[in-house]
Amino acid sequence: MAVRKVKKDVYAVGAIDWDRTLFDEIIPLPDGTSYNSYVIFGSEKTALIDTVDPEKEEELFENLKELNVKRIDYIVSNHAEQDHSGAIPKVLEAFPMAKVVTNQKCKGFEKDLLLIDDEKFITIKDGDTLSLGNKTLKFVFTPWVHWPETMSTYLVEDKIMFTGDFFGSHIASSDLFVKNEAKAVEDAKRYYAEIMMPFRMPIRSNLKKIEEYDIDFIAPTHGQVYDKPKLILNAYKEWVSENVKNKVVIPYVSMHGSTRKIVDHLTSALMQRDVEVRPYNVITADIGEVAMSLVDAATIVVASPTVLVGLHPVAAYVLSFINAIRPKVKFGTFIGSYGWAGQAVNQAKALTPNLKVEMLEPVLIKGYPKAEDFKSLDNLSEEILKKHENCEYVK
């Protein structure tokens, strides 16, 4: 990754991971990712904002060398997760005069995760400032975005907000700044769905904190820099609101065709009623796309055949994932097929205690669907339509 200029005396020196395809061993990365790190040259002190994943340490040091960085006084750590903090020990080794500047919680994490000695830290509080001479850093605590210690750092004179994972996106790009706005929002929506959505409520209050500042640039630690901050701020406002679309998401598994026939019929019935619908065969689907679709869906319908009187194991996995990301769906139900008996509905409810939805009557079909079963699915689609029409949050 080439060194790139954000603004006078502010440079991006992180690494692009073009080839990474999986994050946290669960999240697909169709477009790779980046680990953004930024150098700020003040008239008296030099600061490094975040570092990179340990696998990309060499690229970080190559960029620091290219930029002729002789001294780093402060390493500001906005987030303790190792894809951003993992190279801190090596930076401290190369620049022994440097101190790690972060909050008390982050310090604790980094002592545990990275084995950094206590004396290497400068601990700051919310709203504290740090002078680099002609440039000033101000620390803005944004907890639970998406760990308890996360914070942002505001470069006062240049109006740059370094937000850590907040407003990030998994995208490997040669462009430092956002050029394709539609693509940028789509990438950020995927990132939000997979990582930030469980923390929708604290994000609301943190958005208000961020908006109190006069910002020209938002510089996250994944993805591109926003030189039009309103683009991502407005997107986040919508995602964390209670508003949803007249939309149904149907994750499904089918073994012998019965459940697929049920899903196809319900999909058609909803389309006939002008309800947006998106079925996902979760055997082959990108789980990130499922999550992204749930960001603004009003209803989720999970469909599964019965396996040994319970859910298909992949359906159970998907329900556990959905429970973890906590989408703001307003309604939910279960459809599926069985041979002789089953506990799929009870199992589905047990796996999703975090979904605060109004449950609609499930449709369970014995064997291959028949005329009366299709009628039940038509009735379900009609009920979904009416629920959407009467819900104040469906836009």
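## Overall architecture

Buried residues (under 20% relative accessible area, with exposed over 50% and partly exposed in between, for a 1.4 Å probe and protein chains only) make up 57% of the 395 residues in the protein. The model is predicted: local features need pLDDT of at least 70 and side-chain atom pairs count only at pLDDT 80 or more, whereas totals for chains, interfaces and linings use all residues. Residues are numbered from 1 along each chain as its sequence is written, and side-chain values use heavy atoms, with hydrogens and water left out.

The protein has 12 helices and 23 strands, assigned as DSSP runs (H or I of at least four residues for helices, E of at least two for strands) and numbered from the N terminus. Along the principal axes, the C-alpha atoms fill a box of roughly 80 × 40 × 35 Å. Of the contacts (heavy atoms within 4.5 Å) between residues at least 6 apart in sequence, 73% join residues at least 24 apart.

## Packing of helix H5

Helix H5 (residues 181-196) packs with helix H7 (residues 230-240) at an angle of about 40 degrees, and their axes are 11 Å apart. H5 is therefore oblique to H7; angles under 35 degrees count as roughly parallel, over 145 as roughly antiparallel, 65 to 115 as roughly perpendicular and the rest as oblique. Axes are lines fitted to C-alpha atoms, for helices over the stretch in contact, and angles run from 0 to 180 degrees between N-to-C directions. The crossing of H5 and H7 is right-handed, meaning that the near helix is turned clockwise from the far one by less than a right angle. From H5, the contact draws on Glu181, Val185, Ala188, Lys189, Tyr192 and Met196; from H7, on Leu231, Ile232, Ala235, Tyr236, Trp239 and Val240. These residues comprise 10 nonpolar, no polar and two charged, where Ala, Val, Leu, Ile, Met, Phe, Trp, Tyr, Cys and Pro count as nonpolar, Asp, Glu, Lys and Arg as charged, and the others, Gly among them, as polar.

H5 also packs with helix H9 (residues 287-294), at an angle of about 95 degrees and with axes 8 Å apart. This angle makes H5 roughly perpendicular to H9. Glu186, Lys189, Arg190, Ala193 and Glu194 of H5 meet Gly288, Glu289, Ala291 and Met292 of H9. By class, the H5 contact with H9 has three nonpolar, one polar and five charged residues.

Val178 lies in the loop between strand E15 (160-164) and H5. Its relative accessibility is 11%, so Val178 counts as buried. Beyond its neighbours within four places in sequence, Val178 is in contact with Ala184, Gln224, Val225, Tyr226, Asp227 and Leu231. Val178 and Gly223 are 45 residues apart in sequence, with their C-alpha atoms 9.0 Å apart.

## Helix H8

Helix H8 (residues 258-272) has 15 residues and reaches 21 Å from its first C-alpha to its last, close to the expected 21 Å. Its buried residues are Ser258, Thr259, Ile262, Val263, Leu266, Thr267, Ala269 and Leu270. Among the elements covering them are strand E17 (245-252), strand E19 (297-307) and helix H12 (371-390). The expected span is 1.5 Å times one less than the number of residues.

## Backbone features in loops

A cis peptide bond with omega of about 10 degrees joins Val145 and His146. His146 is in the loop between strand E13 (136-141) and strand E14 (151-155). Trp144, in the loop between E13 and E14, has a positive phi of about 65 degrees although it is not a glycine. At 42% relative accessibility, Trp144 counts as partly exposed.
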